[in-house]
Amino acid sequence: MVAATCTAGLAGCATSTTAARAAVDASLGRTEAAGSAHFVRVNTVPGGASSTMEGSVNFARSELSMVTYSGAASSSDAVEDVRQVGSDVYDKFLVPPRKDVAERGGVLGYLGLSRWYVRQAGQPVAAQVLPLGVFSGARKVSVVGPASLSGVDTTEYRVAMPAQNLSGTRLEPSAVEVWLDHEGRVRRSLSNEVETIKGRSGKLRFSTLTTLSDFGAPVHVEAPPHPVVLRP
């Protein structure tokens, strides 16, 4: 068994498999303990459209504010504004009105545009930022090695995720890369997944890259006025 040896906190660790899993298991709690963070989450479908979500989260107060962009982040590409305050989630679509969508009764036609809607949160704010399933359970975790992210020393870990069947969608076994700083907080995560949907031919491949920064910076999110309530 390889003993854990650290020269500069977690970022300088060469760890055993057990210690690596313990570091990843503890990283979500250590990230939330920072109180708040800024995040950028990029979703990519090879050969298809990509999207970027950028915002700030206050873990301690269960508050989040983010904007979703079509492609890279740009004020002209903003398509949705989302806020979460406690157990309430507020959504507002920002895309220009499209008559054909409204006439077909699509989601934008149903909800309307430039109006806030409120619904009950189905998951904690951390789930909007990080893939929670990676940070708990009997996952196989290995150490990839040290890495510098924008001048921050980190250690990269690889988490082996098992196959899953979720309501007609099968996720194939995959690996998630996680970078932790010297305080054990998540600085970056990268997942590459392949899924098969029942009744559809072919496989869908997509990746999600999330970067966290500005831990502990003040974040306060206010609920928008006069939202329309969406009932289940």
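Predicted model: local features only at pLDDT ≥ 70, side-chain atom pairs only at ≥ 80, totals over all residues.
Arg185 sits in the loop between β13 and β14 (186-197), where helices (H or I, at least four residues) and strands (E, at least two) are DSSP runs numbered from the N terminus. Is Arg185 buried or exposed? Arg185 is buried, because its relative accessible area is 12%; with a 1.4 Å probe and protein chains only, buried means under 20%, exposed over 50%, and partly exposed in between. Leaving out residues up to four places away in sequence, Arg185 touches Ser27, Arg30, Thr31, Ala34, Trp179, Leu180 and Phe215, contact being heavy atoms within 4.5 Å.

Residues are numbered from 1 along each chain as its sequence is written, and side-chain values use heavy atoms, with hydrogens and water left out.

I turn next to the nonpolar core, a set of buried Ala, Val, Leu, Ile, Met, Phe, Trp, Tyr and Cys residues joined through side-chain atoms within 4.5 Å. The largest such core has 29 residues, and Val57, Phe135 and Val178 touch the most other members. At least two residues each come from α1 (17-33), β3 (36-44), β4 (50-58), β5 (63-70), α4 (126-129), β10 (152-161) and β13 (174-181). The element that gives the most is α1, with four residues. Apart from neighbours within four places in sequence, Val178 contacts Val134, Phe135, Thr155, Glu156, Tyr157, Val159, Val186, Arg188 and Ser189.

Now the strand pairing, which requires at least two DSSP bridges between two strands. Strands β7 (residues 88-93) and β8 (residues 117-120) run antiparallel and are joined by four bridges; here Tyr90 stands opposite Val118 in β8. Strand β8 is also joined by two bridges to β16 (residues 228-229), and these run parallel, with Tyr117 opposite Val228 in β16.

Finally, the largest pocket. On a 1 Å grid over the protein atoms alone, a pocket is an open set of points where a 1.4 Å probe fits, with protein on both sides within 12 Å along at least five of seven lines; lining residues have an atom within 4 Å of a point. Which residues lie nearest its centre? Among the 19 lining residues, they are Pro131, Gln164, Leu171, Ser191 and Glu193. The element giving the most to this lining is β14, with four residues.
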